[in-house]
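Subject: Structure for your files

Hello,

Here is the structure I said I would pass on. My notes on it follow below.

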Amino acid sequence: MFREYAKALFKRVDTRQLMQFKPPTLPPRIYTKQINIDNKHYGAFCQEVAWPDAATMHPLYLQMLSLPLQMQCLLDKKSPFPLLGLIHAANRVEVLEECDLSETFECRVRFSDVRPHSRGWEVDVSLDAFQQGRCVYKAISSYLVKVKAVHVAPRASVQDTTETCVESPRNLLAEFDVTADTGRRYAKISGDYNPIHLFGLSAKAFGFKRPIAHGMWTLARALSFVPVSEGQHISDVVCRFRRPVMLPCSINIYQMCRDEDRSILEITSSDDQQVHLDAEVSTL
């Protein structure tokens, strides 16, 4: 996706739309692509995120493959948003049916919503994936566009997914070191060469003291440790990214509020002082 990032450097941002009170107009175009899974590539992804069962599809893999389409969507000439500087704020995935890795996916990506945020606008880019004419997979990536303008929503109280889990024991699923080259390794697999993930100097150019891990890498790694009963699969993931994972560092993955088909995940710093993300995960 070097071409897309090169285009992003010269993309004109419609400041007028971003500064007005009403939400910006979203381009209606749908970007489509036929995707066939490359087994070697999928194996490399599974190894990177420690996914234990390469015979089944990781719930984030297809969304990762759709990133070039998402970038084309964000680079649409009628899109008022910048590409560089966007913050991946939230993620939602629905696996409607077990996906056949040997079958072609028809992926469709489009803008689906935009809403005021206390720091600007939050915009949704949605993915629908089809196999043999049936929608088998849905995903939404929510991005924060930081703008100082009169339109912004008041700062909402922070809703912590784990608030209802106060009395629930925290089960430590994993603790491990995240190495300094994590962003570069994941970029080779995902194609996401956003400068904030690569090197210290490139990250500093965008306001980060150190490079940060891809949010999708962090969430994908966490999902790999979720216990799933035999015959079931992860069917729904709702995630909110809280704080970036600065590289290098150590992180903990906790599970709470676990019942038969639902649990809460939380990724924290090694000292448990910072929450990097929390996610509600359902199985079917």
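**Overall figures**

The protein has an accessible surface of about 14,400 Å², with 51% of that belonging to carbon and sulfur atoms (areas come from the Shrake-Rupley method with a 1.4 Å probe; for residues, only the protein chains shown count as cover). This is a predicted model, in which local features need pLDDT of at least 70 and side-chain atom pairs count only at pLDDT 80 or more, while totals for chains, interfaces and linings use all residues. Residues are numbered from 1 along each chain as its sequence is written, and side-chain values use heavy atoms, with hydrogens and water left out.

The protein contains 8 helices and 10 strands (DSSP runs numbered from the N terminus: helices are H or I with at least four residues, strands are E with at least two). Of its 284 residues, 50% are buried (under 20% relative accessible area; exposed is over 50% and partly exposed in between, with a 1.4 Å probe and protein chains only). Among contacts (heavy atoms within 4.5 Å) with a separation of 6 or more, 71% are between residues 24 or more positions apart.

**Core and helix packing**

The largest nonpolar core comprises 71 residues (a set of buried Ala, Val, Leu, Ile, Met, Phe, Trp, Tyr and Cys residues joined through side-chain atoms within 4.5 Å). Tyr-42, Phe-45, Met-57, Phe-105, Tyr-137, Leu-219 and Leu-223 have the most contacts inside this core. Helix H8 gives the most to the core, with 6 residues. Leaving aside neighbours within four places in sequence, Tyr-137 touches residues including Met-57, Leu-60, Val-93, Leu-96 and Leu-127.

Helix H3 (residues 39-49) packs on helix H8 (residues 215-223) at an angle of about 80°, the axes being 8 Å apart (lines fitted to C-alpha atoms over the stretch in contact, with angles from 0 to 180 degrees between N-to-C directions). H3 and H8 are therefore roughly perpendicular (65 to 115 degrees). Phe-45, Glu-48 and Val-49 of H3 meet Trp-217, Ala-220 and Arg-221 of H8.

**Two loop residues**

Thr-104 sits in the loop between strand E2 (87-95) and strand E3 (105-117). Thr-104 counts as partly exposed because its relative accessibility is 32%. Leaving aside neighbours within four places in sequence, Thr-104 is in contact with Gln-34, Ile-35, Asn-36, Phe-130 and Gln-131.

Cys-257 lies between strand E8 (249-256) and strand E9 (262-269), also in a loop. With 18% relative accessibility, Cys-257 counts as buried. Cys-257 and Asn-171 are 86 residues apart in sequence, and their C-alpha atoms are 9.4 Å apart.

Regards

Notes: Angles under 35 degrees count as roughly parallel, over 145 as roughly antiparallel, 65 to 115 as roughly perpendicular and the rest as oblique.
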